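Dear colleague,

I am passing on the structure below, and after it you will find my notes on what turned up when I went through it. Please read them with the coordinates open beside you.

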Amino acid sequence: MPGFYLSTRGVLQTHQARRYLAARPIRAIWSSPLKRAVETAENLAVPHLAEVQVLSELVEWKLLDRWAGHSWEQIPTLFPGEVEAYLQHPSDLGFASETLMELAERVSLAVRKIAASTSSGEVVVVGHQDPIQAARLALTGQPLRQLFQDRPQHCSVITLRPGDCWTEVRKWDPANR
């Protein structure tokens with residue numbers, strides 16, 4: 001949504017992630033087109049002198065379009081039962097314009113294309129919590145029902161190694177430094 005920028009805490013977390021990634025051989029940085037993601041990506045790009053490339057496939061889960069413009073506290077009243085359904089059965093949401101499987105396929109395909117387009121070094125992909133988690137699960141061959149297990153937090157860095165079934169190498173989180 002227009003006008004939503006990184007909070008002071010978000011800027012701090014981005015700086016922590018930038019320090020963590022500074023010594024890594026980053027060759028490309030890709031971002032969702034949403035402003036906070038682009039801000040994060042631009043901050044992460046500084047030590048690598050990398051240009052941020054924006055990719056629309058990395059955008060937030062389209063489910064959230066339905067709730068856009070409303071606070072998390074308003075949603076249960078405006079959309080009765082939907083938050084509970086999302087939290088209990090995210091793979092079975094009849095009201096969602098994009099299923100969890102479609103989300104996982106969209107983002108994991110984008111990540112595979114990004115990885116294939118870079119011949120050496122590492123790639124950073126900046127996105128949003130549910131899309132990143134769905135792609136992480138799909139790429140590593142885990143069931144999507146684990147969407148809420150070990151979810152990435154704001155500015156988490158999850159390192160994956162490409163392959164037929166990708167391997168998770170490490171996870172770093174600014175809150176658990």
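T118 is buried, with a relative accessible area of 18%, a value that falls under the 20% taken as the limit for a buried residue. The model is a predicted one, and in it T118 has its place in the loop between α5 (100-116) and β3. Leaving aside residues up to four places away in sequence, T118 touches R27, A28 and V123.

Helix α1, which covers residues 8-21, has 14 residues and reaches 20 Å from its first C-alpha to its last, close to the 20 Å expected at 1.5 Å a residue. Its buried residues are G10, Q13, T14, Q16, A17 and L21, and, seen down the axis of α1, they fall within an arc of 160°, so they line one face of the helix. As background, an α-helix has 3.6 residues a turn, so residues three or four places apart point the same way.

The aromatic residues deserve a separate paragraph. A search of the whole structure finds seven aromatic pairs, and one of them joins W61 and Y86, whose rings have their centres 6.0 Å apart and their planes at 50°, so the pair is tilted. This pair links distant parts of the chain, since W61 is in the loop between β2 (52-54) and α3 (75-78) while Y86 is in helix α4 (residues 82-88), 25 residues apart. Both W61 and Y86 are buried.

Y86 also pairs with W67: here the ring centres are 5.8 Å apart and the planes stand at 90°, so the pair is edge-to-face. Because W67 lies in the loop between β2 and α3 and Y86 in helix α4, the pair ties together parts that are 19 residues apart in sequence. W67 is buried, with a relative accessible area of 3%, and the corresponding value for Y86, likewise buried, is 5%.

Which residues form one aromatic cluster? They are W61, W67, W72, Y86, F95 and F148, so that W61, W67 and Y86, described above, are among its members.

Key:
Residues numbered from 1 in each chain as written. Predicted model: local features only at pLDDT ≥ 70, side-chain atom pairs only at ≥ 80, totals over all residues. Heavy atoms only, no water. Helix = DSSP H or I, 4+ residues; strand = E, 2+ residues; numbered from the N terminus. Expected span 1.5 Å × (residues − 1). Buried < 20%, exposed > 50% of the residue type's maximum accessible area, 1.4 Å probe, protein only. Arc of directions from axis to C-beta. Phe/Tyr/Trp six-rings, centres within 6.5 Å; stacked < 30°, edge-to-face > 60°. Contact = heavy atoms within 4.5 Å.
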